[in-house]
Amino acid sequence: MTTQQSFEPEGGSDTRQPDTLRVRPLRAAGNVFPQVHYPRRTLHAIGDGFLWLAAIGGFICIGLVIAASVFNISLIMFKTGSMSPTIPAGSVALVREIPASEVGIGDIITVDRPGNLPVTHRVTDIKAVDNGQWSLSMKGDANEQPDPLPYEVVTVRQTLGHVPGLAPVIVSMGSPWVLGSLTLCAAALVTGVFWPRRQGRRVAE
């Protein structure tokens, strides 16, 4: 025989069905579900990066202009390899104008030649001449023979340093196709960065 036990609350049995459990949906804080726009955020991050690079490039250009006017510093591009391997063809050198009296043997200097392109070679001999001029004999590191004649100068441009392979990049920057492409890319990035951002959607209570 099986015995069954039952439990009845005080006041008699309760035959009512239990209330249905109601679960209220959770809502985000402020009743706003944030929307994630990964492509938009990525575009803004890329645009911000390019804007920072452009700003840094602008400051560098301003610094070069100030240095050129105050310290007589300029850039020289090497089209030939007469100074290879010290300065290979296609390099860009930073030079500073100095009096010819400050030049020493072994210095790499640039001398202007009337009617011809400047020449940048190494000094092999120095002699003082009249009227404050100096006679400089020069030779390219890659040349077997020295330059045919010495150069009589008052001032020269001394090489401070160089960057190999930069000359073709600078020359290409003057191409209309390159300038047009850079302008379009810059316009697209600026538009993407400053385009109004959409807000998240509100959820009705």
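1. Of the 205 residues of the protein, 20% count as buried, where buried means under 20% relative accessible area, exposed means over 50% and partly exposed lies in between, with a 1.4 Å probe and protein chains only. The protein exposes about 15700 Å², of which carbon and sulfur atoms supply 61%; the areas come from the Shrake-Rupley method with a 1.4 Å probe, and for residues only the protein chains shown count as cover.

2. On the basis of these values, please note that this is a predicted model, in which local features need pLDDT of at least 70 and side-chain atom pairs count only at pLDDT 80 or more, while totals for chains, interfaces and linings use all residues. Residues are numbered from 1 along each chain as its sequence is written, and side-chain values use heavy atoms, with hydrogens and water left out.

3. The protein has three helices and nine strands, which follow one another from the N terminus as β-α-β-β-β-β-β-β-β-α-α-β; helices (H or I, at least four residues) and strands (E, at least two) are DSSP runs numbered from the N terminus. Among contacts with a separation of 6 or more, 54% are between residues 24 or more positions apart, a contact being heavy atoms within 4.5 Å.

4. Seven strands form an open sheet in the order β2-β3-β8-β4-β5-β6-β7, with antiparallel pairing, and two strands are taken to pair if DSSP finds at least two bridges between them. The edge strands are β2 (73-77) and β7, each of which pairs on one side only. Neighbouring strands of this sheet are turned by 50 degrees against each other on average, direction ignored; the axes behind this value are lines fitted to C-alpha atoms, for helices over the stretch in contact, and angles run from 0 to 180 degrees between N-to-C directions.

5. Within the sheet, strand β3 (residues 92-99) is joined to β8 by eight bridges in an antiparallel arrangement, with P99 standing opposite T155 of β8. Strand β4 is antiparallel to β5, with five bridges, and also antiparallel to β8, with two bridges. I109 has a bridge partner in each of these neighbours, namely H121 in β5 and Q158 in β8. β4 and β5 form a hairpin with two residues between them, and G115 in the turn has a positive phi of about 80 degrees.

6. The largest nonpolar core has twelve residues, including I98, I109, V123, L136, M138 and Y151; such a core is a set of buried Ala, Val, Leu, Ile, Met, Phe, Trp, Tyr and Cys residues joined through side-chain atoms within 4.5 Å. At least two residues of this core come from each of β4 (108-113), β5 (116-128), β6 (134-139) and β7 (151-153). A second, separate core of seven residues includes F78, I87, A93 and V95. Not counting residues up to four places away in sequence, L136 touches I109, D125, I126, P150, Y151, V153 and V156.

7. R157 deserves a separate look. This arginine lies in strand β8 (residues 155-163) and counts as buried because its relative accessible area is 18%. The side chain of R157 makes a polar contact with the side chain of D112 at 2.3 Å, a polar contact being a pair of N or O atoms within 3.5 Å of which, within protein, one must be able to donate a hydrogen and the other to accept it, residues adjacent in sequence counting only if both atoms are side-chain atoms. Leaving aside neighbours within four places in sequence, the residues in contact with R157 include S74, V95, E97, T110 and P118.

8. L94 is found in strand β3 and counts as partly exposed because its relative accessibility is 30%. The C-alpha atoms of L94 and S74 are 6.0 Å apart, although the two residues are separated by 20 residues along the chain.

9. Most residues other than glycine have a negative phi, and most peptide bonds are trans. The peptide bond from S84 to P85 is cis, with omega near 0 degrees, and P85 is placed in the loop between β2 and β3. N72, in the loop between α1 (38-70) and β2, has a positive phi near 55 degrees. N131, in the loop between β5 and β6, has a positive phi of about 60 degrees and is exposed at 77% relative accessibility.
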